[in-house]
Amino acid sequence: MPFFNDKYRTTSNRLQNWNYSSKGIYFLTICSSNRETIFGSIEESKIILNSKGKIVLSEILKSVE
C-alpha cells in the first residue's frame, strides 16, 4: 500500500528533455536566516561583498571547477 495514496504528488518543474547532469548555466539564490543582509551590500546597483560574501563566492567557484 503506497504511503500517501498519491495525495501529495506534484508535477515536476524540470524540463522534460534536458539532461541536468550536463554542463550549463544555473541561477543560484541564497537566502540567509530572516533574510538578513550578511553577505555584503548593494551600492549603485552593484554587489559589494564583505568577508562572508567572499567566502561564499570562493566556495561557489570551487564547485564549478
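V64 counts as exposed, because its relative accessibility is 63% and the cut-off for that class is over 50%. The model is a predicted one. V64 sits in the segment after α1.

Now step back to the whole chain. The protein chain holds 1 helix and 2 strands. Along the sequence, their pattern reads β-β-α. The radius of gyration is 18 Å. For 65 residues the globule rule gives 11 Å, and the value here is well over that, so the protein chain is more spread out than a compact globule. The box filled by the C-alpha atoms tells of the chain's extent too. Along the principal axes, that box is roughly 55 × 30 × 20 Å.

What share of the 65 residues is buried? Buried residues make up 5%. Here, buried means under 20% relative accessible area. The protein chain exposes about 7000 Å². Carbon and sulfur atoms supply 56% of that area.

Next, look at the part of the chain before the strands. T10 lies in the segment before β1, and β1 spans 40-43. T10 has a relative accessibility of 67%, so T10 counts as exposed. T10 and I30 are 20 residues apart in sequence. In space, their C-alpha atoms are 24 Å apart.

Charges come next. The protein chain carries 9 positive side chains and 6 negative ones. The centres of these two sets lie 7 Å apart. How many salt bridges does a search of the whole structure find? The search finds 1. E59 and K62 form a salt bridge, with 3.1 Å between their closest N and O atoms. Both residues belong to helix α1. They are 3 residues apart there, so about one helical turn separates E59 from K62.

Are the partners of this bridge buried, exposed or in between? E59 has a relative accessibility of 43%, so E59 counts as partly exposed. K62 has 49% and therefore also counts as partly exposed.

How values were computed
Residues numbered from 1 in each chain as written. Predicted model: local features only at pLDDT ≥ 70, side-chain atom pairs only at ≥ 80, totals over all residues. Heavy atoms only, no water. Helix = DSSP H or I, 4+ residues; strand = E, 2+ residues; numbered from the N terminus. Buried < 20%, exposed > 50% of the residue type's maximum accessible area, 1.4 Å probe, protein only. Rg over C-alpha atoms; globule rule 2.2 N^0.38 Å. Areas by Shrake-Rupley, 256 points an atom, 1.4 Å probe, with all protein chains shown as cover. Lys, Arg positive; Asp, Glu negative; His and termini not counted. Charge placed at Lys NZ, Arg CZ, Asp CG, Glu CD. Salt bridge = Lys/Arg side-chain N within 4 Å of Asp/Glu carboxyl O.
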